[in-house]
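User: Please take a close look at one part of this model for me, and then show me what else you find in the chain.

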Amino acid sequence: MPSWCPLLCRLAMLLCVWAPCQAQSDTELPPGTPIIQLRLAGDKRKHYEGRVEVYYNGEWGTVCDDDFSIHAANILCRELGFVEAVSWSPSSKYGKGEGRIWLDNVHCSGRERTLAQCKSNGFGVSDCKHSEDVGVVCNQRRIPGFKFISSFTNSVESLNVQIEEVRIRAIYSQRKRVPITEGYLEVKDGGKWRQICDEEWTEMNNRVICGMYGFPGEKGYNTKVYNLVLRLLAKRRKKNYWDFGVNCTGNEASLHGCKLGHKVELKGNATCEKGMPVVVSCVPGRAFAPSYTQGFSKAYRVEQPLVRLRGGANTGDGRVEVLKNGEWGTVCDDSWNLKAASVVCRELGFGSAKEALAGGRLGQGMGPVHMNEVECSGFEKSLTECYFNRDALGCSHEEDAAVRCNVPAMGFQNKLRLSGGRNPFEGRVEVLAEKNDSLVWGTVCSDSWGTMEATVVCRQLGLGFASNAFQETWYWPGDVRADDVVMSGVRCSGTEMTLAQCLHHGKHLHCPRGGGRFAAGVSCSESAPDLVLNAQVVEHTTYLEDRPMYILQCANEEHCLSSSAATATPSSYRRLMRFSSQIHNNGQSDFRPRAAHNSWVWHDCHRHYHSMEVFTHYDLLSLNGTKVAEGHKASFCLEDTQCEEGTEKRYECANFGQQGITVGCWDTYRHDIDCQWIDVTDVVPGDYIFQVVINPNYEVAESDYTNNIMKCRCRYDGHLIWTYNCHIGGSVSSESEESSFPGLLNNQLGHR
């Protein structure tokens, strides 16, 4: 053997790793190599993950996890057209398969072209059970130019669609619409875009395509228009059809989950003689109604009479909550799958579900668990039409179900960017705006810039939750060509999908400090805390205490008493409405004070530091919402008083320790500590509304602010006080809210 041969062999192997070889297409396999076909199967999966199944000798079977490795997973993923494997899973993570276990003790070096070349016990030789079926997760990126070729023409209809990309190509008259809802369906296979013959195309196929593009439904289209387009194009280009048909059930999350249809005989322009290229026409949800050039214009306000999403960072993500008997509750994740998740997504005006999440992945809810063991066919109009077990015994909020839905491509991310940051999650906010009849990048004025505005920026860019809002960004050197302010007076409610939907000055800019170093900036995070007050604890611990003024001097210094206390004599008494507050962190990250440790304020009278000057507001309101008495609580000590089983305490105030509330823990402010009250000395007897607001100035970013407020009905007879019907914001229907608090419009936390 020549001396240069080993070097060339190694080079060839490296090329096969970095530009993966197509074992069953361009290059012939060594003689005697078994011919196999692969697929990914199982429940709760994306198209690029699942249980490994092998077609051999006319029968589908599984692979045992004994001795399986990432090398074998890489070979398998590349054979399916993915660039590489991300991970592999033992012990039938994706469910137990059926039939034969074809391969056991698989050993791959990583250089093989097909899994059949790896060493094993031999096909059908195994001592495993299906509880040991192996699964893989592939990188969802496809190999550029990968050409799917079936080795078994008689088994093609049992294989999933394997292509590089899918697109809806609009005709010229509709290309400026946002989003694109109608056009020719094209698939990219072997590096080339191809159309699909519609001779065997079904409505179920349309449903899947529309769902994967974020649309809840499909509709008919004007065939005359497309027939005319075809006649015009026929004179200039040849027809270019894909080799296969498609067969979907209607419940798949994307085209990759559908089975292949019959193989199409390609005959040049004579292909698909009885049909035409597939055209798909989709119905967008109300929040994504298309418009010309203007794109999305109205703020995101989805009507959710029976089902809603909470705690998600991005539009279409969230914990699933349902309304029952006027009260919102969660769904237990037992039997939760993509069919049920897709029913939720379509009901809310999105497409099919990308993921069905379990285990409280998007935060834990409060209140009852309304549904358990949900079973849907996938075609219900509402989750409430699905079968479910009404007995949710044994389900806790640690098992709250959540979804991630497909949403339409609106192009929002192309109109905003972060510049100068240390990583992609932070930087100066720069907006693409129209100036002198051209589009230019510019900065946003930081006057009134806060957490709500930062929340919208992070959502628009798909970067998760806001972590911080910055009013000075001199330390982030952005593009000097974008220093000019193009947007000012921005005020957001926090529900908008784009910064342009927030209130702002329009063309008449006003920014006294100018841009440059005072341009607005943000930092984003993939997770956020979510503080929720336990309403029952407040309701059960409220009482009155008359306390002499001479022992309230420290509280008076910290403005915890009403204004009349300033002229009160030391021997006089103040009447205090006392209560305990138990504040839970139900989010996905710890709640930490925004101020750094060294900037906390020392209060000499109480002998402690304040990490947040205003942590909670306590208010007594008349029935029409007028404030009659108030109190507030500085966070002198944020710590983990107690935690759920299995969660360790991380924060303790003793010895100037770190402050915060860990996920799954709660901080209790007892009724007998200073300032844990409302001074009702000057309040006359009557009926009132007792309100508590946590983090009222949005000083720390959270995943959900609607549950930061709590209201109770309250009756005071001059001697005793009763609180009843306490609940947190958004926990009951608007009708129940109105009947409990008829003088107030809603129970939501207003912006600033």
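Which residues lie nearest the centre of the second largest cavity, and how many line it?

Analyst: The second largest cavity has a lining of 11 residues, and His47, Phe82, Asn160, Val161 and Gln162 are those nearest its centre. Please keep in mind that this is a predicted model, in which local features need pLDDT of at least 70 and side-chain atom pairs count only at pLDDT 80 or more, while totals for chains, interfaces and linings use all residues. Residues are numbered from 1 along each chain as its sequence is written, and side-chain values use heavy atoms, with hydrogens and water left out.

A cavity here is a set of points, on a 1 Å grid over the protein atoms alone, where a 1.4 Å probe fits but cannot get out; lining residues have an atom within 4 Å of a point. The whole structure has 4 cavities of 30 Å³ or more.

A pocket is an open set of grid points with protein on both sides within 12 Å along at least five of seven lines. At least two lining residues come from each of β1 (37–41), β2 (49–56), β7 (165–169), β8 (177–178), α5 (338–347) and β19 (353–357). Helices (H or I, at least four residues) and strands (E, at least two) are DSSP runs numbered from the N terminus.

The buried ones are Leu338, Ala340, Ala341, Ser342, Val343, Val344, Cys345 and Arg346. After α5 comes glycine 349, which has a positive phi near 90 degrees.

Next, the cysteines. There are 15 disulfides in the whole structure, each a pair of cysteine sulfur atoms within 2.5 Å. In one of them, the sulfur atoms of cysteine 376 and cysteine 386 are 2.1 Å apart. The torsion about their S-S bond is about 110 degrees, so this disulfide is right-handed. Both cysteine 376 and cysteine 386 lie in the loop between β20 (369–375) and β21 (387–389), so the link ties together parts 10 residues apart in sequence. Cysteine 376 is buried at 12% relative accessible area, and cysteine 386 is buried at 4%.

A further disulfide joins cysteine 560 and cysteine 675, with 1.9 Å between the sulfur atoms. It is right-handed, at 90 degrees about the S-S bond. This pair links distant parts of the chain, 115 residues apart: cysteine 560 is in the loop between α8 (553–557) and β31 (573–578), and cysteine 675 is in the loop between β38 (665–669) and β39 (677–679). Cysteine 560 is buried at 3% relative accessibility, and cysteine 675 is likewise buried at 3%. Cysteine 714, by contrast, is in no disulfide, and the nearest cysteine sulfur, that of cysteine 712, is 7.9 Å away.

Finally, threonine 681 sits in the loop between β39 and β40 (686–694). It is partly exposed, at 29% relative accessible area. Beyond its neighbours within four places in sequence, threonine 681 is in contact (heavy atoms within 4.5 Å) with Tyr573, Arg574 and Arg575. A polar atom of the threonine 681 side chain lies 2.8 Å from the backbone nitrogen of arginine 575. The side chains of threonine 681 and aspartate 679 are joined by a polar contact of 2.6 Å. That term means a pair of N or O atoms within 3.5 Å; within protein, one must be able to donate a hydrogen and the other to accept it, and residues adjacent in sequence count only if both atoms are side-chain atoms.

Methods. Buried < 20%, exposed > 50% of the residue type's maximum accessible area, 1.4 Å probe, protein only. Points joined across faces, edges and corners; volume = space filled by probe spheres on them.
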